Amino acid sequence: MAIPLLEYAPKSQNQRVAGYEKPGDEQPRIYTTENLPSPAEMGEVIWAAYRQIFSEHQILKSTRQTFLESQLRNGQITVRDFIRGLATSDAFRRLNHETNSNYRFVEICVQRILGRDVYSEREKIAWSIVLATKGLQGFVNALLDSDEYISNFGDNTVPYQLRRILPQRNKGEVPFNLKTPRYAEYHRNQLGFPQVIWQNQVRRFIPQEKQPKAGDPALYLGMAQSLAPVPTSVVKLNTQSMDYLSLVPSRKK
């Protein structure tokens, strides 16, 4: 019997609030195959999917899925199926799942597939249970087959970060697909990071207004250390090699 998804309460994030937005450069560009794109436009849809799922840091020759690209170009699969193939590929597993904890991996997938941040730690735990019980394939299927994904992106639209402007202005956040996916705090601790190595002598700068002035008690320690007596060196003698008879004065008769 499969374990049902743990219930969690959504919070009032920007992507859940409907509002008027003026089109501009800051608005995410929507890549879709609904209007039968040309071969060049289909190439843009494919690379938009790579950027969303693999992030800018992982677009490498080794991560390309040429068979899935061919199927999408020929109309044999939908964009949602293409996203499913990218998120369950060996390259995505190796670069993201194997280098992070389940909680960090869940956060990455929710951001890139559902286009939003996790609501709370409870949601992170809920999806982590799905990942642990159903594996990577079952976890990705649960995200892509959810009502939230279908209502926002459907079968033909590449996922994107929803309502990105307000979080950027309020929190200084960068887009989800630009965040470094590897080496979260959990994985850095496993590798023994952070490691601080100083190449040169470290000098501490103290502003002039904070430097102690004459009469300040902080100067007493330095003065006391300067007055401390210097210990004298003690000459050690080897008693076995001493000639005791030569040290005894002779008596004259």
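Trainee: In what order do the elements of the protein chain run from the N terminus on?

Mentor: They run α-α-α-α-α-α-α-α-α-α-α. The total is 11 helices and 0 strands. Helices (H or I, at least four residues) and strands (E, at least two) are DSSP runs, numbered from the N terminus.

Trainee: What should I know about the model and the numbering?

Mentor: It is a predicted model, where local features need pLDDT of at least 70 and side-chain atom pairs count only at pLDDT 80 or more, while totals for chains, interfaces and linings use all residues. Residues are numbered from 1 along each chain as its sequence is written, and side-chain values use heavy atoms, with hydrogens and water left out.

Trainee: How do the axes of α1 and α5 cross?

Mentor: At roughly 155°, coming within 8 Å. The axes are lines fitted to C-alpha atoms, for helices over the stretch in contact, and angles run from 0 to 180 degrees between N-to-C directions. α1 and α5 are therefore roughly antiparallel. That word covers angles over 145 degrees; under 35 is roughly parallel, 65 to 115 roughly perpendicular and the rest oblique.

Trainee: Which residues make that contact?

Mentor: Q52, I53 and F54 on α1, with Q111, R112 and I113 on α5. Contact means heavy atoms within 4.5 Å.

Trainee: Charges next. How many salt bridges are there in the whole structure?

Mentor: The search finds 11. Each is a side-chain nitrogen of Lys or Arg within 4 Å of a carboxyl oxygen of Asp or Glu.

Trainee: Which residue does R29 pair with?

Mentor: E44, with the closest N and O atoms 3.1 Å apart. R29 sits in the segment before α1 (39-54) and E44 in helix α1, 15 residues apart.

Trainee: Is R29 buried or exposed?

Mentor: R29 is exposed, because its relative accessible area is 54%. E44 is partly exposed at 37%. The cut-offs: buried is under 20% relative accessible area, exposed over 50%, partly exposed in between (1.4 Å probe, protein chains only).

Trainee: And what does D145 bridge to?

Mentor: R84, with the closest N and O atoms 3.3 Å apart. D145 lies in the loop between α6 (121-144) and α7 (147-152), R84 in helix α3 (residues 79-87), and they are 61 residues apart. R84 is buried at 15%, whereas D145 is partly exposed at 41%.

Trainee: Where do E121 and K124 lie?

Mentor: Both are in helix α6, 3 residues apart, about one turn. E121 is exposed at 52%, but K124 is buried at 11%.

Trainee: Which residues do shared partners join into one network?

Mentor: R80, D81, R84, D145 and D155, through salt bridges that share partners.

Trainee: Surface now. Which residues make the nonpolar patch?

Mentor: L6, Y103, I125 and I129, covering about 310 Å². Patch residues have over 30% relative accessible area and no salt bridge; like charges are joined within 9 Å, nonpolar side chains (Val, Leu, Ile, Met, Phe, Trp, Tyr) within 5 Å. I129 is in helix α6 and is partly exposed at 32%.

Trainee: How much accessible surface does the protein chain have?

Mentor: About 17800 Å², with 53% belonging to carbon and sulfur atoms. Areas come from the Shrake-Rupley method with a 1.4 Å probe; for residues, only the protein chains shown count as cover. Of the 253 residues, 34% count as buried.
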